[in-house]
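Subject: Structure handover

Hello,

Here is the structure I said I would pass on. My notes on what was found in it follow below.

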Amino acid sequence: MALRLVLTAVVVIVLYNVLARYRRLARNISEAKASGLPYVITLWNVYSMFWLATNAIWLPLLHKLPSFCKGLWLQILDPEWAYRFGHEPFQKIGSDVFLVVSPYKINAFVADAETNTQITTRRNDFPKPLDMYGALDIYGKNLVSTEGSDWRMHRKLTAPAFSEKNNELVFVESLHHAKSLLRLWTGADGKGDTTITDPALDTMRFALYVVSRAGFDVRVFWPHEEEARANGQFAEEKTDTNSLSVTSEVPEGHSMNYREAISELLENMMWTQIIPPKYLPMSPFKLHRTVGQSVKEWGQYMSEMYELKKTQVLSGNTSVDGMDLFLSLIRHSNILTDTNSRFAKSDLLGNAFVILLAGHETTANAIHFSLLFLAMNPSCQRRLQQDIDRILKGRNPQDLSYEDDFSKLFDGMPAAVMNETLRMFQPVVNIPKSTAAGSPQRFTMDGKQYTMPGGVYIHLSGAVHRNPKYWAAPASNTSSNDTFPSKYPDIDTFRPERWLTGSTKPQAESTPDDNIDGDLRGPPGDEPTSRLFKPVKGSYIPFSDGYRSCIGRRFAQTEILAALVVIFSQNSVELAVDEFASDEEVERMPVGGEERKAVYEKAIDGAEYLLRNTMGSVITLQLRGKKIPIRVVRRGEERFSFA
Ligand code: HEM
């Protein structure tokens, strides 16, 4: 009897849900029809936690369906479709804005520049969907996870830390840490005859150290620096008096070192969305317990930094030269002097956490992918090196100055490589926006009016970077890589030269964001040059655009360009070929000959496959579970150089 009752209850609940979903689907379809936009129906909401966590199980099964059942719906069930298929789904549906209707949500995808600009400039009509940012609130509210007046308050609090003066410090720190990264890769003798198996891990370490120092005045030491310190051979900098120094040692009162704590947390942050952090330590699974521990550990590290800065502010001992985010946050929050301050300690920790998070993985990936692309395109790498020689004029990269040299880096191949990498690999593949429930919004595309339904998640798709409307192919279909020409269409190919127009006039006008208040804008993001290609406004959005665009844009650009100039001034990056030939075998092959070329071609094909098929986003787009090993060798000592 009891069993029958339970079964009946289950059946009733299931039927009720099916009916509710059916009615929701019917309503969503009618809203999609009224919008004037084309739409596709799927049975799941692609960006629900369930689908994000389990799609790797279902997608291979769905791909086994007979081909007549497959279609666009299957392509867009891949959460990474915008990266994987680029503009193709938009072409198939015949519009640069379309809706995906499910029994849960409507998702809208945009690859149209004009629509992007309307969405990013009408902040109140198209707010950020805050429910997608819950994971970022672990330590407190912040400027990424807030909207409206709360966001303005957080942006005003954080913007002063992102000044041009601070970018100078970012430049100096990036030059220093890039040199250390090279030391790690090429060894004390600088020969670099060993394979770097996980370059992504090392670029992540580089970016963490830069943002730690430039953002928090935390000095993290590289292995060779730790060794030198232990031997008493390390010259401490004068400005280090206020800095917090951290090494690979686990400090007293901690169970993880600084780098482990933040890396573990970022790697597995998704779990904090599924299980509230305070319950993670009680989980029977070791992974959950480790994530719980990393949340606690990183909170403790941030609290220690905060207390140190507080003491410095209270004692007037704040002689730090440059950016110190905590100092800036403490000062601008008035938290120490005004008992009625609008801010609490959690706001400061919340912002410190997201700035570290946003400012570390994104930049690290951009550097990592630049290295891989350049390794796969040796002739393009040579062009970059020649341009770096032109800028350096025999100087050591460490002698460059932000004031005099940054604009030169931005005027040539270094910036072209950076922009092209971010075109191909936009770290935030879909920039999330929304419309409020019950608040449909009109917008214009190609002179025609459409209505974005209310309660929709909007994704400003990275596919706009591969929309032929904005990215014209060169007259002849030549790749920048003459030795290993691309097998893909120009738009899906890394070709930094597309940014070097050689003309002093912009190719297309990019209107400035005049309507953003000065104090919310952060440092200038526009390129300090007129020589680089200027894409149509809204067609190139790696840093988003408008009000909610990246506050760290110049920080990131400074860091990436400094890293490129240090790495490529004296060195070349090659793919490791260990999988295909041993060092001895390569040695026996004639230099520049067909045998070496064939081996290198295999390595390029392997890297190309992994980059096209094994990328995924947790926070940003990265290789998931795969590595592409490289070698960093002295210029002139390349193993795979072909005339
Ligand atoms: C290549 C490097 C970077 C890329 C591609 C990038 C991209 C982006 C994008 C697309 C957004 C908008 C995200 C959204 O609307 O959900 C954003 C926002 C943000 N970024 Fe970056 N970013 C980079 C580097 C940095 C750095 C170095 C920092 C700080 C040191 C930083 C701090 C932030 C912050 C705080 C926001 C939120 C701004 C707001 O909502 O007001 N980013 N970034």
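Arginine 423 has its charged end over the ring of tryptophan 471, 5.6 Å from the ring's centre. A second contact of this kind involves arginine 123: its charged end sits over the ring of tyrosine 547, at 4.9 Å from the centre. Please keep in mind that this is a predicted model.

Cysteine 550 is found in the loop that runs between helix H20 (518-521) and helix H21 (553-570).

Then the aromatic rings. A pair of aromatic rings is described by two quantities, the distance of the centres and the angle of the planes. Counting ring pairs with centres within 6.5 Å gives 31 aromatic pairs. Two of them are described here.

In the pair of phenylalanine 216 and phenylalanine 326, the ring centres are 5.7 Å apart and the planes stand at 70°, so this pair is edge-to-face; the cut-off for that class is over 60 degrees. Phenylalanine 216 belongs to helix H9 (residues 199-216) and phenylalanine 326 to helix H14 (residues 325-333), so the pair ties together parts that are 110 residues apart in sequence. Both phenylalanine 216 and phenylalanine 326 are buried.

The pair of tyrosine 600 and phenylalanine 640 has its ring centres 4.8 Å apart and its planes at 20°, so it counts as stacked, the limit being under 30 degrees. Tyrosine 600 sits in helix H23 (residues 594-613), while phenylalanine 640 is in the segment after strand E13 (630-634), so parts that are 40 residues apart in sequence are tied together. Are these two residues buried or exposed? Tyrosine 600 has a relative accessibility of 1% and therefore counts as buried. Phenylalanine 640, with a relative accessible area of 2%, is buried as well.

There is also a cluster: Tyr47, Trp81, Phe90, Phe98 and Phe109 are linked by ring pairs.

Last, a helix pair. Two packed helices are described by the angle between their axes and the distance between the axes. Helix H13 (residues 286-315) packs against helix H15 (residues 345-358) at an angle of about 115°, and the axes are 11 Å apart. H13 and H15 are therefore roughly perpendicular to each other. The crossing of H13 past H15 is right-handed.

Regards

Note on methods
Residues numbered from 1 in each chain as written. Predicted model: local features only at pLDDT ≥ 70, side-chain atom pairs only at ≥ 80, totals over all residues. Heavy atoms only, no water. Helix = DSSP H or I, 4+ residues; strand = E, 2+ residues; numbered from the N terminus. Phe/Tyr/Trp six-rings, centres within 6.5 Å; stacked < 30°, edge-to-face > 60°. Buried < 20%, exposed > 50% of the residue type's maximum accessible area, 1.4 Å probe, protein only. Lys NZ or Arg CZ within 6 Å of the ring centre and 35° of its normal. Axes fitted to C-alpha atoms, helices over the stretch in contact; angles between N-to-C directions. Parallel < 35°, antiparallel > 145°, perpendicular 65-115°, else oblique. Left-handed = near helix turned anticlockwise from the far one by under 90°.
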